[in-house]
Every structure is written in C-alpha cells, then in structure tokens.
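This briefing gathers selected features of the structure shown below, grouped by topic. Please read it alongside the sequence and the coordinates.

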Amino acid sequence: MPTLDPVIWFFVLGLVAGVARADLRLPSAIYDFVSTLLLLAIGLKGGVELARDGGGLPLPELGGILLLGFLLPLPAYAVARGIGRLGRADAASLAAHYGSVSVGTYAVVIGHLATRGIEFEARAPVWVVLLEVPAIVAGILLARGLSGDLAWGRLLRELFLGRSIVLLLGGLAIGWVAGPDGTASIRPLFFDLFKGILALFLLEMGLIAAAQLPTLRRHGAFIVAFGLLAPLVFAVAGALLGRALGLSPGGVTVLATLAASASYIAAPAAIRTAVPEANPALSLTASLAVTFPFNIIVGIPLYERLAAALAG
Amino acid sequence: MEQFPRRLLTIVTEAALERELLSEFDALGVRGYTISDARGKGGRGRRQSDWAQQGNIRIEIVCDPALAERVAARLRVRYYEHYAMILFMQDVDVLRPEKF
C-alpha cells in the first residue's frame, strides 16, 4: 500500500476541523480562486502535452466516453428506485450526480499518478469535459421525460458554458497554442505550485464535506452504501472502457477514477433548477461526504491496481 | 424635500436560482434590483455563503406596489413549493420617483 499523498492529509485536516467546529473557514472568494487555478492548470498541462506530442481525440474514444456518461446514470437510477426506494426525482438526481464527474477527484488522480511517475494521455482533460454533461442530461430526462416545459436551450447553454468546462477547455487551448516554451513564464504558478494549490483546495473540500455530515445521518444507510459501492462498480466500467479503447494503464486509471467520481458542482446546480422537486441535500451529501473522500483516500490507489491488473 | 412612496420587496433564496430569477424580473418589467450574498437558518436548514454552491442570496427591489404584488405572486406560484425562499415587503420613500 503506497503511503498517503500529503495533499490528502489536508483534506483530513479540513474534515477533522469541520467536525470539531474549529474556527476555520476559507472565504468563498478563496475557494473560487483556488478552483479556478486548478481548472486552468489541468487544462494548460493537457494542452502543453498535446502541443508536444500532437495527436487528436480518436473518434471511438469520443463516442465511447460520451456513451459512458449517458449510460452510467441508468443502473444508478434503477438501484436508487428499486433498493433505495427513492422517489423518481431523487433517484434521477442521484443518477445525474454519479454519472457526472468531479474535477477535484480528477486533480487528485493526476497528482497521484505524477507522484508515482505513471504516464497518462495528455488529452485526459477532454475526458472530463465529455463526461460532465451527458449524465446530467440523462438524469433530467429520467426525472422529467421528453415532454414538459423545460427550457432545454437555456439549460444546455448554461451546462456547456459552466465554469469548469470553460476553464478546462480554455486552459487546454492556451496550453496547446503556446506550447511548452510559450508557457514557460507561467509555469511557476500553474505547474510548480499545482500540489500546493491542490492542498488548499482539499482543505476547503474537507470543511465542506464535514458540513454535510449531519445531513448524512438523516438520510441513513442507503446513501452511505450507495456512495461507497457506486464508485467501485463505475470504476470497473470506466476501466473496462479505457482498456477497450487501448488507453495506457495511467489513462485507464484516470478514466476509472472519472467514472467513479460524482459531481458536486455542475450537477447540483443544473438539477436544482431543472428538477426542483428533488431533495438537493440527498445527492450532494452522498457525493461530497461519502464518495469524494472514498475516492481520494481509498479508491484511486485501488483503481490504479485495477488498471495495472487489466494491463497485466 | 418631497418624498414618494414605493414598496421595498426583499427576497431571500437559494443562490442557485439567481439567473432564473433575473430573467423572471426582466420579463415582469422590474427595472432594477440589488443582490447580496447571505447566510442564515430557516425551514430548510442552515445555509452558508462561504461556499457559493449552497449559499443564499438576498434580492432587494424597490418599485411601485402593483409591480411588487406581481413579482411576489409569480414567485409564490413558481418557487415556494420546492425552493428555500422567503419574501417580505415594506413601505419606503424615495426621492427620485422616475427611477423606481
């Protein structure tokens, strides 16, 4: 078992401080700033690598990953309805959250792979973008069907112009245009400080996760079980797809982690307005207080082993 | 100094609704509003503004009584059931009636 990456301890610190109600609160502007830096850094890093290696996104990969995003919500919905006995709106909301992705988890997995010296595909940030939206659309369809008075145009526009997509693709484009030499001047902020920024981000995530714990107690065993088992099952689906697409073991680890991760930014915002009758705390709590910690502490090392075993 | 009576409509609700509400206001003919981040506790639990995602906002609109009624009626029908939202009105006096 590899030792825990130091950035994970910052998450634990935030969690413990939050549970103990310590006098610790980062202003929301800091959270925004830190997450903006992370998103740009992730995009830039991918763009620079793409400029160095060339190569685009193979069509089967594009289609396969989009399809994965659409399909992951279906079993999640079925389980939430059948076993969890959730109502249609709540089950669909949970399915949307778990089919979509968490950029924070992505940041941790690429940090983990970098520490372990494992290479992965430079275009990986594009996978994040591809996986973010389809599951949210699928979730909304599960809740509302095709009929209804939903303003799809506005909804899709807001989804595609969401902060994470704009900053990831923007960073990717800047990195790609500027290349390794062009980005040398901004390297200290975005690349050298990446782990430090990630540590601050995780400290805040720990505080946020701790704030969800009281809600977790109210929603009980199903949410906890779902939050722990869904990522494991979805990681296997992601890993198998990555293997079928011929990704490197590092790439398979990233795709498995993305499939395992659950959204806590894009999905809650979209579902809140598109499916108002869903209880927002239910999905958000599962995603933030159960699945996010599970993935970054236990999941990612497991998914790395899974990828290695598949490459076997 | 002459003063003119108007209504101050204050809405405290989920930050997630901000964009949607602003387009509602435009459609209803609201000419101006002030929005600030807020935190507090209510029927749907404690809300903190330090994480924008779950934060609250407070919207203030100064307008004539008829428009205030229309906005309030619209919000009540459309949002009261599923969203954390409170709304209250007060009489206020303004100095430049043409602005409100």
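**Briefing on the predicted model**

Leu161(A) counts as exposed, because 9 C-beta neighbours lie inside 10 Å of it.

- Leu161(A) sits in the loop that joins helix 8 (152-160) and helix 9 (163-182) of chain A, and its C-alpha atom is separated by 33 Å from that of Ala307(A), which is 146 residues apart from it along the chain.
- Since Arg21(A) has 8 C-beta neighbours inside 10 Å, and the limit for an exposed residue is 12 or fewer, it counts as exposed.
- Arg85(A) likewise has a positive phi of about 55° without being a glycine, and its place is the loop between helix 4 (73-82) and helix 5 (88-99) of chain A.
- Arg85(A) is exposed, because 10 other C-beta atoms lie within 10 Å.
- As background to these phi values, most residues other than glycine have a negative phi.

**Buried residues and the nonpolar core**

- Val108(A), a residue of helix 6 (residues 103-116) of chain A, is buried because 27 other C-beta atoms lie within 10 Å.
- When neighbours within four places in sequence are left aside, Val108(A) is in contact with Ile296(A) and Ile300(A), while the C-alpha atoms of Val108(A) and Ile8(A), 100 residues apart along the chain, are separated by 8.4 Å.
- The largest nonpolar core holds 130 residues, of which Leu38(A), Ala92(A), Ala95(A), Ile136(A), Leu255(A) and Ala256(A) touch the most other members.
- Helix 7 (residues 124-144) of chain A supplies the largest share of this core, with 14 residues.
- If residues up to four places away in sequence are not counted, Ile136(A) touches Ala96(A), Ser100(A), Leu159(A), Ala266(A), Ala267(A) and Ala270(A).
- In soluble globular proteins, nonpolar side chains tend to be buried together.

**Helix 1 with helix 11 of chain A**

- Helix 1 (residues 6-19) of chain A packs against helix 11 (residues 194-219) of chain A at an angle of about 30°, and their axes are 7 Å apart.
- Because angles under 35 degrees count as roughly parallel, helix 1 of chain A is roughly parallel to helix 11 of chain A.
- The crossing of helix 1 of chain A past helix 11 of chain A is right-handed, and their contact comprises 18 nonpolar, three polar and two charged residues.

**Helix 11 with helix 15 of chain A**

- Helix 11 of chain A also meets helix 15 (residues 280-311) of chain A, where the axes come within 8 Å and cross at roughly 120°, and therefore helix 11 of chain A is oblique to helix 15 of chain A.
- Helix 11 of chain A passes helix 15 of chain A in a left-handed crossing, and the residues making this contact include Met205(A), Ile208(A) and Leu216(A) from helix 11 of chain A and Leu284(A), Leu288(A) and Phe292(A) from helix 15 of chain A.
- By class, the contact of helix 11 of chain A with helix 15 of chain A has 12 nonpolar, four polar and no charged residues.

**Helix 12 with helix 13 of chain A**

- The axes of helix 12 (residues 221-244) of chain A and helix 13 (residues 249-260) of chain A cross at roughly 145° and come within 7 Å, in a right-handed crossing.
- Among the residues that meet here are Phe234(A), Gly238(A) and Leu241(A) in helix 12 of chain A, and Val252(A), Leu255(A) and Ala256(A) in helix 13 of chain A.
- The contact of helix 12 of chain A with helix 13 of chain A is made up of 12 nonpolar, four polar and one charged residues.

**Chain B**

- Chain B contains two helices and six strands, and its elements follow the order β-α-β-β-β-β-α-β from the N terminus on.
- Chain B has 100 residues, of which 25% count as buried.
- Among the contacts in chain B that link residues at least 6 apart in sequence, 70% join residues at least 24 apart.

Terms used:
Residues are numbered from 1 along each chain as its sequence is written. Chains are lettered from A and ligands numbered from 1 in the order in which they are written. This is a predicted model: local features need pLDDT of at least 70, side-chain atom pairs count only at pLDDT 80 or more; totals for chains, interfaces and linings use all residues. Axes are lines fitted to C-alpha atoms, for helices over the stretch in contact, and angles run from 0 to 180 degrees between N-to-C directions. Helices (H or I, at least four residues) and strands (E, at least two) are DSSP runs, numbered from the N terminus. Angles under 35 degrees count as roughly parallel, over 145 as roughly antiparallel, 65 to 115 as roughly perpendicular and the rest as oblique. A crossing is left-handed if the near helix is turned anticlockwise from the far one by less than a right angle, and right-handed if clockwise. Ala, Val, Leu, Ile, Met, Phe, Trp, Tyr, Cys and Pro count as nonpolar, Asp, Glu, Lys and Arg as charged, and the others, Gly among them, as polar. A residue is buried if 20 or more other C-beta atoms lie within 10 Å of its own, exposed if 12 or fewer, and partly exposed in between; C-beta atoms are placed from the backbone. A nonpolar core is a set of buried Ala, Val, Leu, Ile, Met, Phe, Trp, Tyr and Cys residues joined through C-beta atoms within 7 Å. Two residues are in contact if their C-beta atoms, placed from the backbone, lie within 7 Å.
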